[in-house]
Each structure stands twice: as C-alpha cells, then as structure tokens.
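Subject: Structure handover

Hello,

Here is the structure for your files. My notes on it follow below.

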Amino acid sequence: MREFAFTITYDRGADHLMDAFIDHPGLYARTVSCHATAETMWRLDEVTGPHDALSVYDDRLANLTRCSSVRGMGGCPIDWTYETLAERPTRRLIYSRQSEGNGCRSVPYLAATHLEDGVLCRAEQHGHEYKWRILAEDDAAVRPIYDELEGNLREGLSLEFERVSGAREWPDESATQAELPYKQREALELAVEYGYYDSPRRHSIQEIAEIEAIPTSTLQYRLTQAESWLATTFVSSETGDPIVQAMQLTAGD
C-alpha cells in the first residue's frame with residue numbers, strides 16, 4: 001500500500017466554512033471515517049477548538065449550501081445533511097451525508113472512481129489548509145485525481161501535491177491532535193512557540209504564562225497533561241477508538 005497526500009489552500013473569502021478555520025487558528029477538524037459510492041458520500045468528522053470558534057463553526061455548518069470537499073473545491077451546490085452526534089464545550093462529532101450531483105464530485109468519489117476498490121481517505125482542516133491523504137494499492141496512479149482537482153479549482157484556491165510514500169505510519173496516526181483537548185494542545189503550542197523545549201531554553205513556564213496572561217499553575221497543569229498524553233501515545237501500540245473517545249469526553253475539556 002502507498003500513501004498519496006495533497007493540500008488545498010484557501011484564501012480568506014473563498015469558502016464560507018473554511019473561513020471559520022482561517023479566522024480561528026485554534027479550530028481543527030479531521031475525518032474519523034469516510035466512505036463513498038457512485039451516488040453518495042458519508043463521513044464522520046471530529047472538530048476541536050475554543051468555545052467561540054466552535055460556535056462560529058456550528059453556525060456555518062447549519063447554513064452550508066456549498067461543500068468544501070468537492071471537485072471545484074466548494075463551488076458546487078450540494079444535496080447534504082448532517083447531525084451532531086456528540087457536543088462538548090471544545091469538541092464536536094459530526095456525521096454527514098452528501099449526494100454526488102452532476103458535475104460536482106467529492107474527493108473520496110474521485111479516489112474511488114480512479115483507483116477503484118480498496119481506497120481509504122482522510123482529511124484535515126486547519127487554518128488556510130484542507131489536507132487530504134489517500135491510501136491505495138502500490139501500483140495506483142493518483143495523478144488523474146490531482147489533474148481533475150487542479151483543472152476544476154476555482155478562484156481563491158491552490159493545490160499542492162505533497163508526497164508519495166509507504167503506509168507505515170497510517171495506522172498510528174489515529175492519535176492526532178484532535179484527541180488532545182484544546183486547552184492542552186494550546187499550552188503545548190505555546191511552549192513550542194516560545195522555545196520552552198529549545199536548548200538552551202528561551203522562555204520558562206513562568207515567563208510564557210506572564211506573556212500570555214495565563215496563571216502559571218494553569219499553564220503548567222495543561223502542559224503536564226499534554227506531555228503525558230504525548231508520552232503515552234508514543235509508547236502505546238493502541239490509542240483506542242476515536243469515536244468512543246469523542247463520545248466519552250467530559251465537559252472539562
């Protein structure tokens with residue numbers, strides 16, 4: 001099996017839903033499961049972020065008329081329904097179903113059409129980027145998918161083919177940043193940004209907390225929890241079912 005990856009980059013204003021990710025850098029979404037036939041695509045997405053960002057995301061989702069994941073990358077009207085399966089202060093688990101209309105096809109549909117059976121798809125949305133990864137047979141040719149996407153990109157979007165590699169990491173990456181509670185992920189990102197892990201260290205926890213106006217004890221606790229999650233994930237061969245994890249989240253995320 002081989003992994004193919006490409007990224008669609010969105011300008012602000014090019015897509016109603018992607019603007020929520022662009023305007024709220026703490027917002028992150030990934031597919032938990034994705035399936036497509038010649039007529040329909042079903043997917044399950046896990047979305048994390050601060051409360052205000054998720055409120056914006058909820059509103060955009062409720063008023064969605066064009067999809068960010070179709071050929072034309074958001075330029076086609078869609079026959080689309082969704083349901084929020086789990087809702088927490090900093091997380092959502094979203095089920096959606098999309099009919100494949102004339103002249104407007106989802107990325108998983110294109111993958112299944114060009115690569116036939118046995119194709120797996122994953123997607124992540126964060127900031128300006130919508131990243132897709134496809135797992136297919138070793139001799140699969142993904143170029144036709146790339147060409148069709150590139151040929152139908154509308155204004156404000158760009159496409160980049162990132163890599164072609166083996167599939168060794170595919171099973172392990174079910175443990176993504178979506179499974180790390182938002183506040184802990186934010187603490188980890190701040191620690192990296194301010195050079196807490198650099199050698200020599202550029203800023204201490206106390207200094208980062210003062211700059212960001214966060215109580216030192218709060219930042220230290222969140223960072224410790226995040227480090228514990230990273231260490232446990234790294235040494236564990238099983239990260240658990242992400243759907244069960246999402247459903248069992250507490251309000252203290």
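In which sense do strand β6 and β7 pair, and over how many bridges? Strand β6 (residues 120-126) pairs with β7 in the antiparallel sense, over seven bridges; two strands count as paired if DSSP finds at least two bridges between them.

Some background before the rest. This is a predicted model, in which local features need pLDDT of at least 70 and side-chain atom pairs count only at pLDDT 80 or more, while totals for chains, interfaces and linings use all residues. Residues are numbered from 1 along each chain as its sequence is written, and side-chain values use heavy atoms, with hydrogens and water left out.

The chain as a whole

The chain has eight helices and eight strands. Helices (H or I, at least four residues) and strands (E, at least two) are DSSP runs, numbered from the N terminus. Of the chain's 253 residues, 46% count as buried; buried means under 20% relative accessible area, exposed over 50%, and partly exposed in between, with a 1.4 Å probe and protein chains only. Among contacts (heavy atoms within 4.5 Å) between residues at least 6 apart in sequence, 67% join residues at least 24 apart.

Around strand β7

Six of the eight residues of strand β7 (residues 129-136) are buried, so the strand is largely enclosed by the rest of the structure. The hairpin of β6 and β7 has two residues between the strands, and Gly-127 in the turn has a positive phi of about 60 degrees. Tyr-130 in β7 is the bridge partner of Gln-125. Strand β1 (residues 2-10) also runs antiparallel to β7, joined by eight bridges. Arg-2 has Ala-136 in β7 as its bridge partner.

Aromatic pairs

The structure holds three aromatic pairs. Rings of Phe, Tyr and Trp (its six-membered ring) pair if their centres lie within 6.5 Å; planes under 30 degrees apart count as stacked, over 60 as edge-to-face and the rest as tilted. One of the pairs is Phe-21 with Tyr-57: the ring centres are 5.9 Å apart and the planes at 80 degrees, so the pair is edge-to-face. This pair links helix α1 (residues 18-23), which holds Phe-21, to helix α2 (residues 51-62), which holds Tyr-57, 36 residues apart. Both Phe-21 and Tyr-57 are buried.

Tyr-196 and Tyr-197 also form an edge-to-face pair, with ring centres 5.0 Å apart and planes at 80 degrees. Tyr-196 is buried at 13% relative accessibility, whereas Tyr-197 is partly exposed at 40%.

Regards
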